[in-house]
Amino acid sequence: MRQTTSRHLLKNPLWLIAPAALMVGIFFLYPLCFSLYSAITLDDGSVTLSHLNKAFALYSNDIFFTIIIVLISVAILAVLSITIAALITLSPFRSLTKTLAFLYRLPLFIPFIVTAQMMRTFLAKNGLMNNAFVASGLLTPMDTVSFLGWSGIIITFVWKQLAFSTLLISGAMAALDDSQIRAARNLGASRLRILFQIILPQIIPTLGVAMVLSIVTMMSVLSVPLMIGTGSPTMMTADMAFRINSYGDYHVANALGLVSYCICAGLAWFYLRQNLKEKGAN
Amino acid sequence: MIYPQHKALLDKFNIRSLRFSFWLQCVFILLLALALFGPIMNLLIWTVTESWYFPHALPSQWGFKYWQQVFNPYSDVSGSLFTSLLIAVLTVVVCMIVSIPAGYALSKRSMPLRIFWMLLFLIPQAFPNLTVYMNIARLFYEFGLNGTLPGVIIVHSVHGLMFSIWISVAAFSSTDPMLERASRNLGAGPFYTFFHIVLPQAAPGLIASCIFVFLESLDEFTGTFFVGSPNISTLPLLLYTASMEGNYQIASITALILLVPSILFMVIIHKFMKPEMLSKLGK
C-alpha cells in the first residue's frame, strides 16, 4: 500500500536528486578524478611516474612524519574516548558522569582554526601551560620548551577530535542492550571486565568508523599544520599548499594528494580487513 | 557460608575500593577540565591583553585597546564578518534548495539505488578534501570564479551537502506517511500536500541541518584559502593572517567572534542531540 502511494507522489524521483547529485559530481568527483589524472600524467597527456618520484624525493620525510602523527593521534584518541565513554556508561557516581558528559562535548563545535589559534598561544614557550607549570614550581622559566611542532599538532588534533569520537562511541555504548551488562554485574563481573569482555567487542565497528573519519579529517585540515607545525618536518597538507602557492606546481601537489588518498585508503582497508577477519572467526 | 565478620570485612574493602575509584574519577575529570579549559582561558586572556612579554606569567598590561580597533567600522574585521555571514546564509539557502527535494526522495524506501545515492553524498566527507579544493581552484580560475562570492559559496555548499542531505533524509523519514496519503485522498495536489503536510512535520530536522551547514560554512578555512583568496576575506582567513603576522590580540578577538555562534548553537543542539540519536542516523 505504502509503496503505491509514494510512487504516486513521486512519479520520477530521480529529478529530485539530480541537482544534488550533479553538484557533487561536478564540484567534487570531477576535481577528484582530475587530481588523480594530473598526478600521473605529463602536460601532453602521457603517463609518467616522475611526479610521484619527485614528491617522494622531496617530501618522503614529511610523508613518514604525517603517518606517524596520524597514527599517534588516533591511538591516543581511541584510548581517551573509550575511557570517557566507559566512565559515562559504567560509573556508579551519577553526578560525576553528568559533569563528564557535559565536559567532553565542549570542543565539538569549536572550529579547527580557532583551536589552532588557542593552541598556538597555549603551547608556546610563554604560553599559559608553561606559565602554569612555572607558577606551580614544577619548572623554572629557563626549562620551558615550546610544544609548537609535531607534539603540538598531535595535542591539537586530539583536543578537537575527542568530542566527536567520544560522542559516537558513547552513543554506541548507550545503544547496547542494558540487560547484558546487568546480567554480568549480577554474576559478579567487575566493571573493568564488563568493559573489555562485553562492551568493547560490540562497539568495535563504531570505534573503527570514528577513527577512520578522524583520520580523514586530520589528513585534510590545513590550518593546524600551518599554524602549529613550525619548521620542518611538517605535514603533507602544508607541503601541498606550499607547492601550489609558491611554485604553481599542480603535478607534484596532486602526486602528494594521491599519496594521502593511499594512506587513508590503506588505513581504511586495514580496518575493514580486521572487521572481516572477526566476522570470519565467528 | 559467609560469617558476619567476614561480610563486614568484605563491605569495608568494597567501600574503600569504591571510594578510591571515586577519587580517581574525580582526578581524571579535573585533569580533563584543565586540558579543555586551559587553551580557552589563554584565548580569553589574549583578547584583553595589551602587552605580554616572555618572562611574565600574565600580561603586563591589560586593556580593551584592540577591541576598539576591531569594532571600528572601517576595520578589516567588520568587513570580513559581513562577508562571512553573507556567504554562510547563501550557502544555507543553496544547500536547502538542493537537499530538500533530494532528502524527500531518499526518505522513501522504494527509491531505486537508495544506498548508492546516500553513499554518493557521503563521498565529500570520506576523502581528504584538500587536493580537491586545489583542483577546484584551478578549474574556477578558467571560468573566472576564483576570488568571487559564487565560487566560495559553491565550495562551501558541496562541503555542507553531506550534512544537509543526511539530516534531511532522517527528518523526512520521521514524518507520518498516513497523513500524506490522507491529504492526497481528500483531493489535495502533490505540491499542496508537500508544503502543507510533509514540510511542517520535517521542519525541526531541517532547521538542525541549516544550523550545521551554517556553522560549517562559517568555520571553513581550506576551501576559502584556495578559492577565495586574495579577494574574498572571511573571518577564518583574517584570523589566519593576523595570527601568522604575530598579531595575537586581533587573532584572538576574531576567534572569539567565531566561537559565539558555535557555542550558541551547541547549547541549542544540546537539547536535541543525544548520543543515542546519533547512532540512528542514516538508518
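1. Gly246(B), which comes just after helix H10 of chain B, takes a positive phi of about 80°. Helices here are DSSP runs of H or I with at least four residues, strands are runs of E with at least two, and both are numbered from the N terminus. The model is a predicted one, in which local features need pLDDT of at least 70 and side-chain atom pairs count only at pLDDT 80 or more, while totals for chains, interfaces and linings use all residues. Residues are numbered from 1 along each chain as its sequence is written, and chains are lettered from A and ligands numbered from 1 in the order in which they are written.

2. Helix H10 of chain B (residues 235-244) has eight of its 10 residues buried, so it is largely enclosed by the rest of the structure. A residue is called buried if 20 or more other C-beta atoms, placed from the backbone, lie within 10 Å of its own, exposed if 12 or fewer do, and partly exposed in between. The buried residues of H10(B) are Leu235(B), Pro236(B), Leu237(B), Leu238(B), Leu239(B), Tyr240(B), Ala242(B) and Ser243(B).

3. Chain B as a whole has 12 helices and two strands, which follow the pattern α-β-β-α-α-α-α-α-α-α-α-α-α-α along the sequence. Of its 283 residues, 41% are buried. Among the contacts in chain B with a separation of 6 or more, 72% join residues 24 or more positions apart, where a contact means that the C-beta atoms of two residues, placed from the backbone, lie within 7 Å.

4. The domain assignment divides chain B into domain 1 (4-65) and domain 2 (73-278), with bounds that come from an automatic or database assignment. The centres of these two domains, taken over C-alpha atoms, are separated by 36 Å. Four residues of domain 1 of chain B are in contact with six residues of domain 2 of chain B, and helix H1 (residues 4-47) of chain B gives the most to the domain 1 side, with three residues.

5. Helices H7 (residues 177-185) and H8 (residues 190-219) of chain B pack at an angle of about 145°, with their axes 10 Å apart. The axes are lines fitted to C-alpha atoms over the stretch in contact, and the angles run from 0 to 180 degrees between N-to-C directions. H7(B) contributes Leu179(B), Glu180(B), Ser183(B) and Arg184(B) to this contact, while H8(B) contributes Thr193(B), Ile197(B) and Val198(B).

6. Chain A has 12 helices and zero strands. Its radius of gyration, taken over C-alpha atoms, is 24 Å, well over the 19 Å that the globule rule gives for 282 residues, so chain A is more spread out than a compact globule. That rule is 2.2 Å times the number of residues to the power 0.38. The C-alpha atoms of chain A fill a box of roughly 75 × 70 × 40 Å along the principal axes, and 43% of its 282 residues count as buried.

7. The contact between the two chains takes 74 residues from chain A and 75 residues from chain B. On the chain A side, helix H2 (residues 14-40) gives the most, with 13 residues. The residues of this side divide into 52 nonpolar, 19 polar and three charged, where Ala, Val, Leu, Ile, Met, Phe, Trp, Tyr, Cys and Pro count as nonpolar, Asp, Glu, Lys and Arg as charged, and the others, Gly among them, as polar.
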